[in-house]
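Here is a short briefing to read alongside the model. Take a look at the fold, and then we can walk through it together.

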Amino acid sequence: MTFAAAGLYLHVPFCQSRCVYCDFYSTTCGPAERGRYVEALCRELEARADEVPGRRLATVYLGGGTPSQLSPAELERVFSAVGRLFRLAPDAEVTLEANPDDLTPAYVEALRALPVNRVSLGVQTFCDARLRLLHRRHTGREAVEAVERLAAAGFDNLSVDLIYGLPGQTLDEWDDDLVRALALPVCHLSAYALIYEEGTALWQMRQRGEVREADDELSLAMFERLMDRATAAGFIHYEISNFARPGWRARHNSSYWTGAPYVGCGPGAHSFDGRSTRRRNLPDLAAYTALSPRVPMEEEHLTPDEQFNDYILTALRTADGLSLDALGVRFGLGARAEVERTARRHVAGGRLSLADDRLRLTRRGLFVSDDVMSDFMRV
Ligand code: SF4
């Protein structure tokens with residue numbers, strides 16, 4: 001398949017240890033495997049570079065796993081392949097996901113010499129007891145120091161990830177996490193409700209009765225506190241789980257929510273052609289390093305109904321909302337009428353607003369967003 005893509009995602013499948021809640025694809029292994037992975041990644045990039053029209057990139061995102069597990073020399077090798085194969089836009093957003101414990105002074109200094117201009121830190125919480133429960137490797141203090149170190153080194157585009165609804169976490173404790181995160185020199189905040197993914201260690205802990213899920217009332221109160229604290233601090237709530245200071249939205253992630261195409265390389269990486277074809281590299285590091293650039297992958301061709309559902313789901317997640325005009329152009333006037341019909345009762349109920357031809361979740365709607373969006377789905 002050929003993409004009209006301007007976003008490149010690189011999946012780095014390594015973690016120093018596994019967090020109990022995580023179901024992302026990653027493994028724990030040593031420098032030899034990392035070296036083989038980097039060479040395999042460079043081969044895949046070379047083979048797939050022409051999927052990016054004009055080989056021009058507006059965003060590059062290193063996600064994982066833990067990209068900060070790559071050494072500066074390994075990152076340098078990856079960026080030198082990217083620089084040789086593509087033309088980065090002058091204002092390209094280049095994000096590295098990082099864990100606080102990897103961000104030593106030497107590592108941060110080395111990052112400055114690379115094209116990375118945005119760092120997204122997995123903080124999750126500042127509470128050390130909860131961090132230990134989650135098997136995170138850093139303390140709350142270390143997370144603060146990592147952000148301050150990055151800022152002092154000149155990184156002005158910093159994001160932190162938090163999780164709420166942790167086992168035993170109270171509303172006051174969550175409030176404390178928010179206050180501490182928003183006091184940091186960051187311009188972006190992502191906050192997710194904890195999910196008990198089947199098969200994870202956390203899921204098994206719940207099965208054994210060792211931890212209890214936060215109840216709905218507490219989760220909603222935490223979400224409400226998140227919105228109140230972030231907006232009071234000057235952040236814009238631009239996607240259900242994402243907040244940014246004006247002008248600092250995550251551009252790469254925004255392309256996922258606007259249905260823009262992107263190319264994903266590395267084991268477990270996803271790609272999308274912006275219309276109907278998704279590709280997933282199989283999450284198998286050994287096969288990937290052995291076979292790249294003939295990367296084991298599967299392709300999924302979305303039916304028209306699946307494309308419609310995806311379009312609605314992603315657009316309604318954002319503060320920009322769903323443009324009825326754009327929907328009509330893409331799916332036809334019948335689809336537009338169908339959406340207008342379904343929207344009517346939610347607009348009347350105060351869960352959606354309709355202005356400038358756009359449907360948007362209201363504050364009330366944000367609390368029941370799954371229910372609202374599922375009403376539009378074609379089955
Ligand atoms: S949460 Fe991040 S660091 Fe933890 S196991 Fe998952 S990918 Fe690795």
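In the protein chain, residues 24 or more positions apart make up 69% of the contacts with a separation of 6 or more, a contact being two residues whose C-beta atoms, placed from the backbone, lie within 7 Å. Please keep in mind that this is a predicted model, where local features need pLDDT of at least 70, side-chain atom pairs count only at pLDDT 80 or more, and totals for chains, interfaces and linings use all residues. Residues are numbered from 1 along each chain as its sequence is written.

**Overall build**

- The protein chain holds 15 helices and 15 strands; these are DSSP runs numbered from the N terminus, helices being H or I with at least four residues and strands E with at least two.
- Its C-alpha atoms fill a box of roughly 60 × 50 × 45 Å along the principal axes.

**A helix pair**

- Helix α1 (residues 31-48) packs against helix α2 (residues 72-85) at about 5°, and their axes are 10 Å apart.
- That angle makes α1 roughly parallel to α2, a label for angles under 35 degrees.
- On the α1 side, the residues in contact include Val38 and Leu41, and on the α2 side they include Val78 and Ala81.
- The contact residues divide into eight nonpolar, no polar and four charged (Ala, Val, Leu, Ile, Met, Phe, Trp, Tyr, Cys and Pro are nonpolar; Asp, Glu, Lys and Arg are charged; the others, Gly among them, are polar).

**Around the ligand**

- Among the residues surrounding the ligand are Cys15, Cys19, Cys22, Gly64 and Gly65, each with its C-beta atom, placed from the backbone, within 6 Å of it.
- This shell has four nonpolar, six polar and one charged residues.
- Gly64 and Gly65 are joined by a cis peptide bond with omega of about 20°, and Gly65 lies in the loop between β2 (56-64) and α2.

**Other spots worth a visit**

- Leu96 sits in strand β3 (residues 87-98) and is buried, with 25 other C-beta atoms within 10 Å.
- A cis peptide bond also runs from Ser292 to Pro293, with omega near 15°.
- His135 is not a glycine, yet has a positive phi of about 65°; His135 is partly exposed.
- Asp356 has a positive phi too, near 55°, and is exposed, with 10 other C-beta atoms within 10 Å.

Note on methods: Axes are lines fitted to C-alpha atoms, for helices over the stretch in contact, and angles run from 0 to 180 degrees between N-to-C directions. Angles under 35 degrees count as roughly parallel, over 145 as roughly antiparallel, 65 to 115 as roughly perpendicular and the rest as oblique. A residue is buried if 20 or more other C-beta atoms lie within 10 Å of its own, exposed if 12 or fewer, and partly exposed in between; C-beta atoms are placed from the backbone.
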